[in-house]
Amino acid sequence: MLELVGVRHRYADRLVLDLDRFALPPGAAVAIVGPNGSGKSTLLRLLALLERPSEGEVRLDGAAVIGGRARTALRRRVTLVEQRPVLFRGTVRENLEFGLGLRRIRRTDVNRRVESVAARLAITALLGRRRHELSDGEVQRAAVARALVLEPDVLLLDEPTSSADRAAAQALYRTLAEERARRPLAVCLASHQLEDAYRWTDDVRALAEGRLAPVTPENLFRVELPAGGEDLKRVCVGSVEVAVTSDKTGPAILAVPATDIFVSREPLASSARNVFSGRVIRLSHQRPGVVHITADVGVELVAVVTEAAVRDLGLTPGGPVVFSFKASAVRVF
Amino acid sequence: MDFLAEGFRRAVALLFSGDAEVYGIAVLTLKIGFLATLVACAVGLPAGFLLATRPFWGRRAALTVVNTALAFPTVVVGLLLYGVLSRRGPLGGMEWLYTWQAIALGDVLLALPIAAALAAAAVQGVDPRIRRTAETLGAGRWRTAWTVAREARFALAAVITTAFGHIVAEIGSAMTVGGNIRGQTRTLTTAVALYTSQGDFGLALALGLILLLLALLVNVALQVLQGRGESHA
């Protein structure tokens, strides 16, 4: 179990991460989602012990990781692939062999592992190439292979498919799923792609302003709440104004729970203060019987409904849709 | 203008005649140059690496001191070293004053900040993700340092060349602590100064040409190394 406990992390005086506890159980697949600057990459770097938290500690199997040797030892079990990874000088094969050499793996085993991972990630043809001969997507796959070949206990992936096309991304996730089925491997994935997060991980956690958000990760927006005595406020989100009830003012995060959005084809008379018309972008079947509707209603929102509801309403990608929700349903934190 | 042409003719003749004095001066300069470069870089490159990568108390002040030392006049370094090595100085017992070792020590002191400051700049120029990647793949402190240095190897090679060039070209310290003694502490630069003041322009020019030739050879070697490295990046 890899944990961050009581972690407050600052860059200069700016608090970028504030977590009472973040745990990654053995063999778990956890996704961290959130907007840019929410602290996802920092969280992964702390888990990988590439940065020391300003306050708090990193624990592995219940014991705090303190001291240079302990950190190096932990790094041999936890490997991070950064969002825009770099390859070292030399060929892709030499890159894959780098960490194996540090672990003094026998030559025959090195070759076996490299060939196996390269085949699974479809980079066998790239093994003899150097970094300037690769596209961004190929560098990303090579970097994931370089981490996987070490057979770590924990694999941390920061936007691992940001430079990959859809097919390459799915191939990567399939490989990870196969690896997890083959041996106990915990994966922690930071992603913008909610759909991938839901599809390939067991646990999706939202991060906003460096804190774990107390709601599901869809429909999170950073806003500036106006000052004023009244509780009902209107704030701009994208090109629409969202009515919220809050006595807060200044910077805040709004969360519209996807399950609290009422979906219809036409605007309906109701008490909902927020009624937005738009078009369906996509329908994702992420769990049996449940459909995530992503719609552009002046801002991109996700609503969760049943498959039966989608069928009854005749919702299709590109078709009209109306999202309604009460001002009191909007969470402010 | 005739004396220039005459001087140049004499220089070429001396270069190809295998003159023992010219040869001796060049060999001594090379010996001191290589030794001082080796010592200065052996200390300066790791120091530069630490300055660039390790956060420690007083790091900014240390960087300021090193950068200031880059502009330290060579003759002042020679003067201070003279005080230290003179009979009444703290290291007077070593009896190094007016020896080639004193010149080498002065050159080390002059090249050390160059090696440290330029190495720090070279390492800071390496993508920080290289270091993080080496660490996350399980590299310890030394292997991480080696990986970063490997990425900066051309810049670090340029640091070594610059240090060597600075050492073989300096005159102030070599003249002050070496004394320009014929056959013992006469280097290319001190000899050029002496023969110019004595009016032996041809010999001075010949030695000057050797100095230029040395600088050229070192730079060509670096270019060849860089060219080879780029094709294996």
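**Exercise 1.** In which strand of chain A is A:Phe325 found? Determine also whether A:Phe325 is buried or exposed, and identify its contacts.

*Solution.* The model is predicted: local features need pLDDT of at least 70, side-chain atom pairs count only at pLDDT 80 or more, and totals for chains, interfaces and linings use all residues. Residues are numbered from 1 along each chain as its sequence is written, while chains are lettered from A and ligands numbered from 1 in the order in which they are written.

Step 1. A:Phe325 lies in strand E19 (residues 320-325) of chain A. Helices (H or I, at least four residues) and strands (E, at least two) are DSSP runs, numbered from the N terminus.

Step 2. A:Phe325 is buried, because 25 other C-beta atoms lie within 10 Å. A residue is buried at 20 or more other C-beta atoms within 10 Å of its own, exposed at 12 or fewer, and partly exposed in between, with C-beta atoms placed from the backbone.

Step 3. Leaving out residues up to four places away in sequence, A:Phe325 touches A:Val256, A:Asp260, A:Ile261, A:Phe262, A:Ala272 and A:Asn274. Contact requires C-beta atoms, placed from the backbone, within 7 Å.

Step 4. A:Val275 is 50 residues from A:Phe325 in sequence, yet the C-alpha to C-alpha distance is 6.7 Å.

**Exercise 2.** Describe the nonpolar cores.

*Solution.* Step 1. A nonpolar core is a set of buried Ala, Val, Leu, Ile, Met, Phe, Trp, Tyr and Cys residues joined through C-beta atoms within 7 Å. The largest has 92 residues, and A:Ile293 and A:Ala303 are among those with the most contacts inside it.

Step 2. Helix H5 (residues 136-148) of chain A gives the largest share of this core, six residues.

Step 3. Among the residues that A:Ile293 touches, not counting those up to four places away in sequence, are A:Val263, A:Val280, A:Ala303 and A:Val321.

Step 4. A second, separate core of 58 residues includes B:Leu28, B:Ala174, B:Leu203 and B:Leu211.

**Exercise 3.** Characterise the contact of chain B with chain A.

*Solution.* Step 1. The contact takes 17 residues from chain B and 21 residues from chain A.

Step 2. On the side of chain B that touches chain A, helix H6 (128-136) and helix H7 (141-151) of chain B are the elements that give two or more residues. The largest share, six residues, comes from H6(B).

Step 3. This side of chain B divides into four nonpolar, five polar and eight charged residues. Here Ala, Val, Leu, Ile, Met, Phe, Trp, Tyr, Cys and Pro count as nonpolar, Asp, Glu, Lys and Arg as charged, and the others, Gly among them, as polar.

Notes:
Two residues are in contact if their C-beta atoms, placed from the backbone, lie within 7 Å.
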